[in-house]
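Work through the exercises below with the structure open. Each task is followed by a solution in steps.

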Amino acid sequence: MKLPRGLSEQDLCRRLDRFELETPSWGYADTGTRFGKFFQDAAAATIEEKLADAAAVHGVTGCCPRVALHVLWDFAAGTDPSAVAARAGALGLRIGSINPNVFQDQCYKLGSLTNRDAAVRGRALDHIIESIGLAQRTGSDVLSLWFADGTNYPGQGHIRQRKRWLAEALARVHAALPPGMAMLVEYKPFEPAFYHTDIADWGMAAAFARAAGPRARVLVDTGHHLPGCNIEHIVAFLIDEGMLGGFHLNDRKYADDDLTVGAIDPYQFFRVFQEIVLAEREMGRDLPIAYMIDQSESIKPKTEAMLETVVAAQEQFTRAMLVDHAAAAEARARDDVVMAERALKDAFAADVRPFLADYRAARGLPRDPLDAFRQSGYLARAAADRAPRKRNTTASYA
Ligand code: AFD
Ligand code: MN
Ligand code: MN
């Protein structure tokens, strides 16, 4: 593994120690597609089981101490948020981002903060403000906002009026943030809306975030881009604008496919991460970015898929750290395009797995997290424990 000039393996290890990934509670529970749900015996059904799975992932990787929670899915009526945080703490975890849910209640069919009915807009805003209180009680410092708002037909909505309602509401959300809490505004080009989505791209998200206030940033979900989009260009631009708040990491072939990181285009994640590493080297500090995973696998075993994504993200970030940015700059200075590109390709070609195995072993972690997880028998025990209960409560659990 060839190191850039002036960088030691210890430097890589120290930066990797700070490269933490947040796993999503919903990534451990049964989900599916709009064509059906495929149940897994070992899938989590309660917040306790989701936290247990997240702890299992953190246990074999050592880099996932935070768990993202979804308000309606994880805090059933009567759930005490501080008890959830305490349970996470007992497992060596912390609550990461809090994700309000203003997309599945029937009243949101024609929009939440952009609904023409002021009562629905008010209900959505109240839910988001309540979610801030919930975040305070779980010790979370990130409010992560995604809106399904959009329309399916031309003429269905007044696009500029919806924009104004959304901006007004986001400013009120920002005003309600306690000190130290940030809000991330996520964008998505389509789905579930199929004609226009009110926050459809990074520029709209940045405009809404800027207008909302100084602690609002953009959340880049790597699956939320149309085919061919240059995501690393967006990331570099947002870094330079001081507007990159974090990621929802997942891979895609066609749409918001939520596939495991690196399954389709590992080079894309490398190119995204090397923009971050380049900026950090120039600035001499870590960028305050929330590296969150957003996937809920329905074909692979959920927890194994989460482990694959975690390890793949570590591998691409490590490769990104191998880029000899000084050599690339020298090549650019002489218009040597071939060698400027070569600086990236050489780093991407490095097999970083032995280095990462040694890195983990030096920290008392298994060299191969997925293999260790399989050897542990965790999945079989979880299935044996959970399946009977699920069969009794899930009607279509065949
Ligand atoms: C869906 C949405 C979006 C959101 C996530 C969690 O597309 O990515 O962040 O659900 O609410 O994947
Ligand atoms: Mn997302
Ligand atoms: Mn998504």
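**Exercise 1: Contacts of ligand 1**

In this predicted model, an N or O atom in the side chain of Asp256 is 3.0 Å from an oxygen atom of ligand 1. Find how far an oxygen atom of ligand 1 is from the side chain of His70 and from a polar side-chain atom of Lys188, then state how much of the ligand's accessible area the protein covers.

Solution. 
- Step 1. For His70, the distance between an N or O atom of the side chain and an oxygen atom of ligand 1 is 2.6 Å.
- Step 2. For Lys188, a polar side-chain atom is 2.7 Å from an oxygen atom of the ligand.
- Step 3. On its own, ligand 1 has 300 Å² of accessible area, and the protein covers 89% of that.
- Step 4. The residues around ligand 1 include Trp26, Trp146 and Asp258.

**Exercise 2: The site of ligand 2**

Determine which residues coordinate the manganese ion (ligand 2) and what geometry its site has.

Solution. 
- Step 1. The coordinating residues are Glu186 (OE), Asp221 (OD), His248 (ND1) and Asp294 (OD), at 2.2 Å.
- Step 2. The ion has six donor atoms, with angles of 72 to 168° among them. Six donors count as octahedral if opposite donors are over 155 degrees apart and all others between 65 and 115. The site of this ion is octahedral.
- Step 3. Along the chain, the donors follow the spacing E-x34-D-x26-H-x45-D.
- Step 4. Glu186 belongs to strand 8 (residues 182-186) and His248 to strand 11 (residues 244-249), so this pair ties together parts that are 62 residues apart in sequence.
- Step 5. Both Glu186 and His248 are buried.

**Exercise 3: The site of ligand 3**

Name the residues that coordinate the manganese ion (ligand 3), and decide whether His224 is buried or exposed.

Solution. 
- Step 1. His224 (NE2) and Asp256 (OD) coordinate this ion, at 2.2 to 2.3 Å.
- Step 2. His224 is in the loop between strand 10 (216-221) and helix 8, while Asp256 is in the loop between strand 11 and helix 9 (266-283); the pair links distant parts of the chain, 32 residues apart.
- Step 3. Buried means under 20% relative accessible area. His224 counts as buried because its relative accessibility is 4%. Asp256, at 19%, also counts as buried.
- Step 4. The manganese ions (ligand 3 and ligand 2) are 3.9 Å apart.

**Exercise 4: Confidence**

Solution. 
- Step 1. The protein averages a pLDDT of 96, and 99% of the residues score at least 70.

Note on methods. Residues are numbered from 1 along each chain as its sequence is written. Chains are lettered from A and ligands numbered from 1 in the order in which they are written. This is a predicted model: local features need pLDDT of at least 70, side-chain atom pairs count only at pLDDT 80 or more; totals for chains, interfaces and linings use all residues. Side-chain values use heavy atoms; hydrogens and water are left out. pLDDT is the predictor's confidence in each residue, from 0 to 100. Donors are N, O and S atoms within 2.8 Å of the metal (3.2 Å for Na, K and Ca); water is not among the atoms, so sites may look incomplete. Four donors count as tetrahedral if all angles lie between 85 and 135 degrees; four count as square planar and six as octahedral if opposite donors are over 155 degrees apart and all others between 65 and 115; anything else is irregular. Helices (H or I, at least four residues) and strands (E, at least two) are DSSP runs, numbered from the N terminus. Buried means under 20% relative accessible area, exposed over 50%, partly exposed in between (1.4 Å probe, protein chains only). A residue is near a molecule or strand if one of its heavy atoms lies within 4 Å of it. A polar contact is a pair of N or O atoms within 3.5 Å; within protein, one must be able to donate a hydrogen and the other to accept it, and residues adjacent in sequence count only if both atoms are side-chain atoms. Accessible areas come from the Shrake-Rupley method with a 1.4 Å probe; for residues, only the protein chains shown count as cover.
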